[in-house]
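Work through the exercises below with the sequence and the coordinates open beside you.

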Amino acid sequence: MENCIFCKIVKGEIPSNKIYEDENVLVFLDIAPVNLGHSLIVPKKHFANIYETPEETLAEMMKAAKKISKALKSELGADGINVTMNNDPAAGQIIFHSHIHVIPRLSGDGFPLWHGRRPYQEGEMNEVEKKIIGGL
Ligand code: AMP
Ligand code: ZN
């Protein structure tokens, strides 16, 4: 995919701090880490987001996420790990090449997570449940 920054990283056309690579995925350090060691798991082939990424590829990405999570805990002393994927601009996606963030967390680091949560209103939860199941 032309002009995709992560495709260019995969091809070695722009530099990155690679930490893991296999046949299907590449892992490198995020240039603007939430905490040091924040890593990005990307498929070597271009897919824009979770909807377009084949299930087998997503499974490969998650395998790598597990490997990296364990290394971030053992080698960087992370107290916890967030594994997240942003899909579409509304969810914060800015690079449209599918990727999983693996973010080391330190106790009390203050990184905000899911502001504005609220309980369901009367009947709302069942309605939402039915809608989602209808689309599976
Ligand atoms: P997202 O908001 O999920 O699309 O995240 C894209 C991530 O890519 C951000 O956290 C950026 O800091 C990171 N990023 C952008 N350009 C580069 C780059 N050249 N090397 C490493 N990470 C990058
Ligand atoms: Zn790409």
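**Exercise 1.** Leaving aside its neighbours within four places in sequence, which residues is His-99 in contact with?

*Solution.* This is a predicted model, in which local features need pLDDT of at least 70, side-chain atom pairs count only at pLDDT 80 or more, and totals for chains, interfaces and linings use all residues. Residues are numbered from 1 along each chain as its sequence is written, and side-chain values use heavy atoms, with hydrogens and water left out.

Begin with the location: His-99, which UniProt lists for "active site" in an unreviewed entry, is in the loop between S4 and S5. Then apply the contact criterion (heavy atoms within 4.5 Å), which returns Phe-6, Leu-40, Ile-41, Val-42, Met-61, Thr-84 and Met-85.

**Exercise 2.** Decide whether His-99 is buried or exposed.

*Solution.* Buried means under 20% relative accessible area, exposed over 50%, and partly exposed in between (1.4 Å probe, protein chains only). Because the relative accessible area of His-99 is 5%, this residue is buried.

**Exercise 3.** Describe the surroundings of Asn-87.

*Solution.* Asn-87 is placed in the loop between strand S4 (80-84) and strand S5 (100-105), where strands are DSSP runs (E, at least two residues) numbered from the N terminus. Its relative accessibility is 12%, so Asn-87 counts as buried. Not counting residues up to four places away in sequence, Asn-87 touches Asn-49, Ile-50, Tyr-51 and Gln-93; for Ile-50, the side chain of Asn-87 reaches the backbone nitrogen at 2.8 Å.

Technical notes
Chains are lettered from A and ligands numbered from 1 in the order in which they are written. Helices (H or I, at least four residues) and strands (E, at least two) are DSSP runs, numbered from the N terminus. A polar contact is a pair of N or O atoms within 3.5 Å; within protein, one must be able to donate a hydrogen and the other to accept it, and residues adjacent in sequence count only if both atoms are side-chain atoms. UniProt positions are given in the numbering used here, feature names are shortened, and annotations may be inferred rather than shown by experiment.
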